[in-house]
Protein chains: 2
Amino acid sequence: MNKEEQVKLIGLWGSPFSKRVEMVLKLKGIPYEYIEEDVYVKKSPLLLKYNPIHKKVPVLVHGGRSIAESLVIVEYIEDTWKTSHPILPQYPYERSMARFWAKYVDDKVMLAVWKACWGPESEREKEVKEAYEGLRCLENELGDKQFFGGETIGFVDIAADFIGYWLGIVQEASGVTFMTADKFPKLQRWSEDFVGNDIIKEVLPPKQKLVALFKAQFGNAASS
Amino acid sequence: MNKEEQVKLIGLWGSPFSKRVEMVLKLKGIPYEYIEEDVYVKKSPLLLKYNPIHKKVPVLVHGGRSIAESLVIVEYIEDTWKTSHPILPQYPYERSMARFWAKYVDDKVMLAVWKACWGPESEREKEVKEAYEGLRCLENELGDKQFFGGETIGFVDIAADFIGYWLGIVQEASGVTFMTADKFPKLQRWSEDFVGNDIIKEVLPPKQKLVALFKAQFGNAASS
């Protein structure tokens, strides 16, 4: 791989958005240099150079050109390295469904879970309901498939990494519970398969380090 | 075109999201049946059947299968009818930039404009700043190109139809002003070219009907 093709990822160890990109790079076997952005100190000149609009991770740099927004990056990786471990389905309709559900996870479920845990107290009850509703729709969509992508990890699985791994951690740190195995047995089983995948496992940050981070940063909602 | 290939669009005459889909269908010359959803009465059984998750327009039905979310629909149309008037650039990097800016319009600019006009009064000042910042970034991104898509109308132009047409209407109805020709001369020129395009013009709803709708629904912010 020559210099023009070098792939760099500016990321953050605890971010489900950064991890989406790492997962896809690893699933496709694309070599890359990982650069940790220490957001708790000061935004680095590198981040400001490569993502001047949002100044946020993750940022992918490929051949000197940068891309921001995790799902936009994932689509770029898919477009550029199509053949190894396809992330999106082959046919337009199935591809549109994957995009729909990925957006649903981002706009509806993650946001509701976050607000239910750490949003304004007056809105928590409403957000808990929203989160339930979102998880219920995902449970239905998953059905009896092993992964949202079918037999292999795909776009929606990657987008839903927060549900598969962070949700348990967020529940532990905040004291708010959404997902229990009896309420969402299919999502629970999926979550175990997802986290148990060798490549995904390698990418995920240590659970206790994340619990400690969230507790320190946001506190326990139940005791606030 | 046989029945399996029939294209139907469930839309709303005043919605910039619905209009995105109509614009792309017309730019590509795809025949379709338009079904107006009267949201002011009651959500139709057709809408509830085809978009049970969000229960919102626009919904595209193609060969009996439905797709929701305007930009997901636009990507589906592009994937299915690639050759006539391509909406997305050919190369992965340029395609990722189009997706980035379309998302930027959705997540940052439209939301800020809307909240600045009709959000909680305490947040209006902050949102006006956000909206300015968003428009400034779009002005830079446009640069000296005729359209965001270059010489022809593309994905970002379609996504930004709200900025190109509705923004003036929202300003008139709410009494809040963001975009003036002297502050954003490039966006202003783009907006005229966009709205002046024969196909776009044909799709846009009458200005005074929209002003009346917004005034009746949301009122004038300056006098609230």
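**Exercise: a loop in chain A**

*Solution.* Before we start, a word on the model: residues are numbered from 1 along each chain as its sequence is written, while chains are lettered from A and ligands numbered from 1 in the order in which they are written. This is a predicted model, where local features need pLDDT of at least 70, side-chain atom pairs count only at pLDDT 80 or more, and totals for chains, interfaces and linings use all residues; side-chain values use heavy atoms, with hydrogens and water left out.

Helices (H or I, at least four residues) and strands (E, at least two) are DSSP runs, numbered from the N terminus. Now check the backbone: Lys55(A) has a positive phi of about 55°, although it is not a glycine.

**Exercise: a peptide bond in each chain**

Is the bond from Val57(A) to Pro58(A) cis or trans?

*Solution.* Look at omega, which is about -5°; the bond is cis. Then turn to chain B, where the bond joining Val57(B) and Pro58(B) is cis, with omega near -5°. Pro58(B) lies in the loop between helix H2 (45–50) and S3 of chain B.

**Exercise: the sheet of chain A**

Go on to one pair. S1 (residues 7–11) of chain A and S2(A) run parallel and are joined by 4 bridges. In one of them, Gly11(A) has Glu36(A) in S2(A) as its bridge partner.

**Exercise: a hairpin in chain B**

How many residues stand between S3(B) and S4(B) in their hairpin?

*Solution.* Begin with the pairing: S3 (residues 59–62) of chain B and S4(B) are antiparallel over 4 bridges. Val59(B), for instance, stands opposite Ala68(B) in S4(B). Then follow the chain through the turn: there are 2 residues between the strands, and Gly63(B) in the turn has a positive phi of about 60°.

**Exercise: where the chains meet**

How many salt bridges cross the interface of chain A and chain B?

*Solution.* Count the contacts to begin with: 25 residues of chain A touch 25 residues of chain B, where contact means heavy atoms within 4.5 Å. Then take the area: the two chains bury about 2,400 Å² between them, 66% of it on carbon and sulfur atoms. (Buried area is the accessible area, with a 1.4 Å probe, that two parts lose on being put together, summed over both.)

Now the charges. A salt bridge is a side-chain nitrogen of Lys or Arg within 4 Å of a carboxyl oxygen of Asp or Glu. The rule finds 8 across this interface. One of them is between Arg99(A) and Asp79(B), at 3.6 Å from N to O.

To finish, see what chain A supplies. S4, helix H3 (70–80) and helix H4 (92–118) of chain A each give at least two residues to the side that touches chain B. H4(A) gives the most, with 12 residues.

**Exercise: a salt bridge within chain A**

Which residue forms a salt bridge with Asp106(A)?

*Solution.* Search around the side chain of Asp106(A): the partner is Arg20(A), with the closest N and O atoms 2.6 Å apart. Then compare their places: Asp106(A) is in H4 and Arg20(A) in H1 of chain A, 86 residues apart, so the pair links distant parts of the chain. Over all chains, the count comes to 38 salt bridges.

Technical notes: Pairing = 2+ DSSP bridges.
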